[in-house]
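Hello,

Here is the structure I promised to pass on to you. Please have a look at it first, and then read on for what turned up.

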Amino acid sequence: MSDVSQDNDNERGKLFGGDFDIKRVLLEGRAFFALIAIIVIFSILSPVYFSTSNFLTMSSHVAIFGLLSLGMLLVILTGGIDLSVGSTLGLAGVFAGFLMQGVSFEILGVVFYPPVWVVVILTCGLGALVGAINGVLIAYFKVPAFVATLGLLYVARGVALLMTDGLTFNNLGGSPELGNTGFDWLGFNRLLGIPVGVLILAAVAIVGILLLARTPFGRWVYSTGGNARAAELSGVPVKRVQVLVYVISGICAAIAGLVLSSQLTSAGPTAGTTYELTAIAGVVIGGAALTGGRGNVRGTLLGAFVIGFLSDGLVIIGVSSYWQTVFTGAVIILAVLLNSIQYSGQKKQKASSDGKTTSPQPEGATGRSPASGSTAGKAGTQS
């Protein structure tokens, strides 16, 4: 009992006393501080940067990266990687454009123009299929995640090129007489002054937070990334979890493809090229560990906004696209370096305190026992 009260006193001292750990605060809040710094710097450099309309425009761009990053977060939390999300985005956009152009049934001599809601459902189903193939290859056939998703990167991009012969589907607005209008609503319309794409990102983020913090699946995800073998021995369906996170990643990529095609009112087979790297950057900048088991939705969203606001800010002040690539790469390297410093420091601190390391809890999770709905509590102990 005395040890517990002493630990509480130490925590209070760090928060309110002279032993305030500023280094820890800066490390854990680095994405937030970086975003504030970006806003301040570019507001000084450009008079048009700090405005509501510009922030909303940039946020609509961030929505694409944010959706990809949220799906990538779940994969990285399990210790995996998904290099196919950019190609899945491109394939999803092309597939949606193909459906919007009309599906011809030559035997019947008719052309079917599906309504937009059918296009959205079928496109999300395609993204889930790509993710399921990734997950099955990785979980059941033991193909390394890097190799499996790299292969699907080329397959999905190749299928997109075959569907279009390298061309672009234009004029996706549809026709009222055909009953397939409304696709551009995803990219251009606003609700309460906020772009629909940003609202979609917010909805997916809320679902992600609840999924990770309030469900057994969320605890299984963290446990799988912390120590997959221990999680499996504790009853966690590790293989099923691995498949599901890739399915969710594929669905997020498909949604991003729908939003991007709607914004551009066109769908090209090369859309989303290198976006998988941007998604990984958003997750890493947000504080997630590439080794798995550490990270959260809030940090990932901040990481996506850092990347998006930085890129748009460089465009606004007229920086060359070549230098934009250099700056983005430097930010990613710095983020990985800070992650390494943060997590190595935490490991040393835990090792010196009690000689044990435990996997992190999901954001917002309470200290429930395995009997309350999950056996992941046992699986959380890392060897």
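Of the contacts in the protein between residues at least 6 apart in sequence, 77% join residues that are at least 24 apart. Please keep in mind that this is a predicted model. The protein has 16 helices and 6 strands, and buried residues account for 47% of its 383 residues.

Helix 5 covers residues 85-100 and helix 12 covers residues 238-264. The two pack at an angle of about 55°, and their axes are 7 Å apart. That angle makes helix 5 oblique to helix 12, and the crossing of the two is right-handed. On the helix 5 side, the contact is made by Val85, Thr88, Leu89, Ala92, Gly93 and Ala96. Helix 12 contributes Ser249, Gly250, Ala253, Ala254, Ala256, Gly257, Leu258, Leu260 and Ser261. Sorted by class, this contact has 9 nonpolar and 6 polar residues, with no charged residues.

Next, a look at Ser60. You will find Ser60 in helix 4, which spans residues 52-77. Is Ser60 buried or exposed? Ser60 is buried, because its relative accessible area is 12%, and buried means under 20%. A polar atom of the Ser60 side chain lies 2.5 Å from the backbone oxygen of Thr57. If you set aside the neighbours within four places in sequence, Ser60 is in contact with Pro195, Val198 and Gln263. Ser60 and Val259 are 199 residues apart in sequence, yet 9.3 Å apart in space, C-alpha to C-alpha.

Thr149 is the other residue I would point you to. Thr149 is in helix 7, residues 145-164, and counts as buried, with a relative accessibility of 0%. Which backbone atoms does the side chain of Thr149 come up against? One is the backbone nitrogen of Leu83, which the side chain reaches at 3.2 Å. Another is the backbone oxygen of Phe146, which lies 3.5 Å from a polar atom of the Thr149 side chain. Leaving out neighbours within four places in sequence, Thr149 is in contact with Ile81, Asp82, Leu83, Ser84, Asn134, Ile138 and Tyr246.

Enjoy exploring the model!

Best wishes

Notes:
Residues numbered from 1 in each chain as written. Predicted model: local features only at pLDDT ≥ 70, side-chain atom pairs only at ≥ 80, totals over all residues. Heavy atoms only, no water. Helix = DSSP H or I, 4+ residues; strand = E, 2+ residues; numbered from the N terminus. Buried < 20%, exposed > 50% of the residue type's maximum accessible area, 1.4 Å probe, protein only. Contact = heavy atoms within 4.5 Å. Polar contact = N/O pair within 3.5 Å; in protein donor to acceptor, adjacent residues only side chain to side chain. Axes fitted to C-alpha atoms, helices over the stretch in contact; angles between N-to-C directions. Parallel < 35°, antiparallel > 145°, perpendicular 65-115°, else oblique. Left-handed = near helix turned anticlockwise from the far one by under 90°. Nonpolar A, V, L, I, M, F, W, Y, C, P; charged D, E, K, R; others polar.
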